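Morning, everyone. I have one structure to go through, and I will keep it short. Here it is on the screen.

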Amino acid sequence: MEDEVDRLVAAWRRERPDLDVEPLEVLSRVSRLARHLDRARRIAFAEHSLEPWEFDVLTSLRRAGEPYQLSPGQLLTQTLVTSGTMTNRIDRLAKKGLVERLPDPSDRRGVLVRLTAEGRDRADQALAGLLDQERAILVELSRAQRAELAGLLRQLTAPFDNVPG
């Protein structure tokens, strides 16, 4: 079975036989897959009236476990945004009734962000929708192939995820 990347690589091999275009065979497919995944994520989140960034914040809180709360600093670490951006996001989610701010009992100046019951329900429903979309993307692969691919991708991404700073 031929795909668009096969055609792209063949054209480059014809036009630039002096270059080794083999990396395109892997990374162009990863890039194309990322675009399909982004589209699937947007569909899954839109079905639950969520933006991707809202899903990221809500699911960070949901994964924290009972009582589903984190400090804004912990949310920054998990979502990789600036302090100002996180403050804006928390404000917007609080207005929607999906999170609430509480005083931090261990720091009189600090606050905690807690998932509301509605926020938890929306996060859970959106996650289920996302998993349905992702299963559809992976349907052509066997369980063993998915495990092998996950391992190979982990090998590629781990050095980026484990860089200090």
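Leu 27 lies in helix H2. In this model, which is predicted, Leu 27 belongs to a nonpolar surface patch together with Val 26, Val 30, Leu 149, Leu 153 and Leu 156. Together these residues have about 470 Å² of accessible area. Helix H2, residues 22-46, and helix H7, residues 143-161, each give two or more residues to the patch.

Next, the salt bridges. The count comes to 15. One of them joins Arg 41 and Asp 56, with the closest N and O atoms 3.6 Å apart. Arg 41 sits in helix H2 and Asp 56 in helix H3, so this pair ties together parts that are 15 residues apart in sequence. Arg 41 is partly exposed, at 22% relative accessibility, and Asp 56 is partly exposed at 31%.

Another joins Lys 96 and Glu 54, where the closest N and O atoms are 2.6 Å apart. Lys 96 is in the loop between helix H5 and strand E2, Glu 54 is in helix H3, and the two are 42 residues apart. Is Glu 54 buried or exposed? Its relative accessible area is 2%, so Glu 54 counts as buried. Lys 96, at 42%, is partly exposed.

Staying with Glu 54: a polar atom of its side chain lies 2.6 Å from the backbone nitrogen of Glu 51. Beyond its neighbours within four places in sequence, Glu 54 contacts Ser 49, Leu 93 and Lys 96.

Last, helix H1. Asp 3 caps its N-terminal end, with a side-chain oxygen 3.2 Å from the backbone nitrogen of Val 5. Arg 14 and Glu 15 form a salt bridge at 3.1 Å, N to O, and both residues are exposed.

Notes
Residues are numbered from 1 along each chain as its sequence is written. This is a predicted model: local features need pLDDT of at least 70, side-chain atom pairs count only at pLDDT 80 or more; totals for chains, interfaces and linings use all residues. Side-chain values use heavy atoms; hydrogens and water are left out. Patches are made of residues with over 30% relative accessible area and no salt bridge: like charges are joined within 9 Å, nonpolar side chains (Val, Leu, Ile, Met, Phe, Trp, Tyr) within 5 Å. Accessible areas come from the Shrake-Rupley method with a 1.4 Å probe; for residues, only the protein chains shown count as cover. A salt bridge is a side-chain nitrogen of Lys or Arg within 4 Å of a carboxyl oxygen of Asp or Glu. Helices (H or I, at least four residues) and strands (E, at least two) are DSSP runs, numbered from the N terminus. A polar contact is a pair of N or O atoms within 3.5 Å; within protein, one must be able to donate a hydrogen and the other to accept it, and residues adjacent in sequence count only if both atoms are side-chain atoms. Contact means heavy atoms within 4.5 Å. Buried means under 20% relative accessible area, exposed over 50%, partly exposed in between (1.4 Å probe, protein chains only).
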